[in-house]
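Let's take a friendly walk through a protein model, one piece at a time. Keep the picture at hand as you read.

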Amino acid sequence: MLIYVQNWLRELSVGGLVIDLNNIKPNTVIVIAGPTASGKSALALDLAGSYNGVVINADASQIYKTIPIISAAPSKEDKQQVEHLLYEIFEPEKNGSVSEWLNLAVKAIKDSWKKGKLPIVVGGTGFYIESLIKGVSPIPETKVSVKEKVRIMLEKGGVSEIYEVLKKCDEGGASRVNPNDVTRVRRALEIFLDTGKSINEWFDEPLINCLPEADFNTIVLLPQLSKLEDKCSLRFDWMMQNGALLEVEALKERELDKNLPVMKAIGVPELIAYLNGECLLEDAVKQAKLHTRQYAKRQLTWFRNRLKNIAHLVIE
């Protein structure tokens, strides 16, 4: 696929939009999006090596330290070939947000431009990519004291309790989120307690474009689901052969909050269940593969619905 893509990317017109990598503008940003195991990282590495590029991470799991195998982060060899930014920068104890990533990504892109390099943003976290291209809601970062208050409530009563609190003070915001989605329920409650405004009101505000000067050229990889599922299973086998279990064992020893993003990365809860004696290793691996396939299918649907209309190139 890479040879095919590289040949056509040099000058390709799709619906009147052109990606011309032989005539790159100073404000160009290449964005490569798609589901897990679709070949995004390999394509980014290929393009970065050919066009003096910098690879910038847009994957919510690869931003964390301690799980490079489970998150399929670039290898040391890949990082030695071309510059990689925003990989493995957060400690596992951190609960990173889209706004934090966006601020870091904007800086990384501007720094790349200053160095005369082509920024290539690559990842499968749709909300990261969409916020970079389309803009974000002007919701302010909530105060540390408010986050701590909600964290204590969550620790004592679980997500069901903070959802009930959210319903009482912000019924509209509560109807917007899945009652079992810890991250979004917590975020909606934090926003209301901090600002006095419903999350619905904030989302009705005009989006803020953090990089209006950028000329985005977006490539979306959408392989056939059957091929993608096979790749997901093979990749998890590779992970198990290359130390995934040791990674998760070390993570378990840190006794982190199970609601942290790093603890919910696919493969982590399943292998922790095995380490806790709750299932056989074979069953844990089967579950991890199943969840990976399900996640890839959701990503395919998301990218088709949300990014296909703004993509310059869609490869199916």
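How many bridges join strand β4 to β6? There are five, and strand β4 (residues 53-57) runs parallel to β6. Please keep in mind that this is a predicted model.

Strand β6 also pairs with strand β3 (residues 28-33), again in the parallel sense, over four bridges. The table sets out the two pairings, each with one pair of bridge partners.

| Strand paired with β6 | Bridges | Residue and its partner in β6 |
|---|---|---|
| β3 (residues 28-33) | four bridges | valine 31 and valine 121 |
| β4 (residues 53-57) | five bridges | valine 55 and isoleucine 120 |

Now look at β6 itself, which covers residues 118-123. Six of its six residues are buried, so the strand counts as mostly covered. Leu118, Ile120 and Val122 point one way, while Pro119, Val121 and Gly123 point the other way.

Val121 leads us to the largest nonpolar core, which has 55 residues. Val121 is among those with the most contacts inside this core, along with Ile70, Trp101 and Leu132. In general, nonpolar side chains in soluble globular proteins tend to be buried together.

Finally, find helix α5 (residues 126-134) and helix α13 (residues 281-306), which pack at an angle of about 15° with their axes 11 Å apart. Because that angle is under 35 degrees, α5 is roughly parallel to α13. On the α5 side, the contact is made by Gly126, Phe127, Glu130 and Lys134, and on the α13 side by Trp302, Phe303 and Arg306.

Technical notes
Residues are numbered from 1 along each chain as its sequence is written. This is a predicted model: local features need pLDDT of at least 70, side-chain atom pairs count only at pLDDT 80 or more; totals for chains, interfaces and linings use all residues. Side-chain values use heavy atoms; hydrogens and water are left out. Buried means under 20% relative accessible area, exposed over 50%, partly exposed in between (1.4 Å probe, protein chains only). Helices (H or I, at least four residues) and strands (E, at least two) are DSSP runs, numbered from the N terminus. Two strands pair if DSSP finds at least two bridges between them. A nonpolar core is a set of buried Ala, Val, Leu, Ile, Met, Phe, Trp, Tyr and Cys residues joined through side-chain atoms within 4.5 Å. Axes are lines fitted to C-alpha atoms, for helices over the stretch in contact, and angles run from 0 to 180 degrees between N-to-C directions. Angles under 35 degrees count as roughly parallel, over 145 as roughly antiparallel, 65 to 115 as roughly perpendicular and the rest as oblique. Contact means heavy atoms within 4.5 Å.
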